[in-house]
Amino acid sequence: MSNIEKAEIFNYLLRLGFRPSNSGFGYLLELIKMCIDGKEITPLNQYGYVTLSSRHKKSVATIDKSIQNSISAAWMRGDIEYLYNQFGNTVSSEKGKPGNLQFVLQACENIRLICGKAADKAEYEIN
């Protein structure tokens, strides 16, 4: 299991332009944490969204749409250069942003890399 904390995911999402007041932010935070911790989240409609749905007493469709809206809002107000640096390969040419699954999986990978580099640096400084 990973030792990546929710605070690290929270800060990463803020850097991308997400707003904590958006309900999709909280759902993304939990979904990314579940993925990083090795829990099964795919397909989202059968695992990830169902888990969140039961926790928050919301429908799967509500969870899905809230995450879509949150990603769209971040793409409209975030640092576009940073967003494309982080998600360039996953951006849909039709929609101009990644889909929910592509976003979650790429965010997990990016966070692992960022936190891994920080852990390597800390370990190097200790030794």
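User: In which helix is valine 60 found?
Analyst: This is a predicted model, where local features need pLDDT of at least 70, side-chain atom pairs count only at pLDDT 80 or more, and totals for chains, interfaces and linings use all residues. Residues are numbered from 1 along each chain as its sequence is written, and side-chain values use heavy atoms, with hydrogens and water left out. Helices are DSSP runs of H or I with at least four residues, numbered from the N terminus. Valine 60 lies in helix α4.

User: What does valine 60 count as in terms of accessibility?
Analyst: Buried means under 20% relative accessible area, exposed over 50%, and partly exposed in between, with a 1.4 Å probe and protein chains only. Valine 60 has 27% relative accessibility, so this residue counts as partly exposed.

User: Which residues does valine 60 touch, not counting residues up to four places away in sequence?
Analyst: Contact means heavy atoms within 4.5 Å. Valine 50 is 10 residues from valine 60 in sequence, and their C-alpha atoms are 6.1 Å apart in space. With that cut-off, valine 60 touches Asn45, Tyr49, Val50 and Ser53.

User: Which residues of α4 make the contact with α3?
Analyst: On the α3 side, the contact is made by Tyr49, Val50, Leu52 and Ser53. On the α4 side, the residues are Val60, Ile63, Asp64 and Ile67.

User: Where is lysine 57 found, and is this residue buried or exposed?
Analyst: Lysine 57 sits in the loop between α3 and α4. Its phi is positive, about 60 degrees, although lysine 57 is not a glycine. With a relative accessible area of 70%, lysine 57 is exposed.

User: What is the omega of the cis peptide bond at proline 43?
Analyst: Proline 43 is in the loop between α2 (23-36) and α3. The cis peptide bond joins threonine 42 to proline 43, and omega is about -10 degrees.

User: Which exposed residues does the face of α5 turned away from its buried side carry?
Analyst: Helix α5 (residues 80-87) has the buried residues Tyr82, Leu83, Gln86 and Phe87. The face turned away from that buried side carries Glu81 and Asn85.

Technical notes:
Helices (H or I, at least four residues) and strands (E, at least two) are DSSP runs, numbered from the N terminus.
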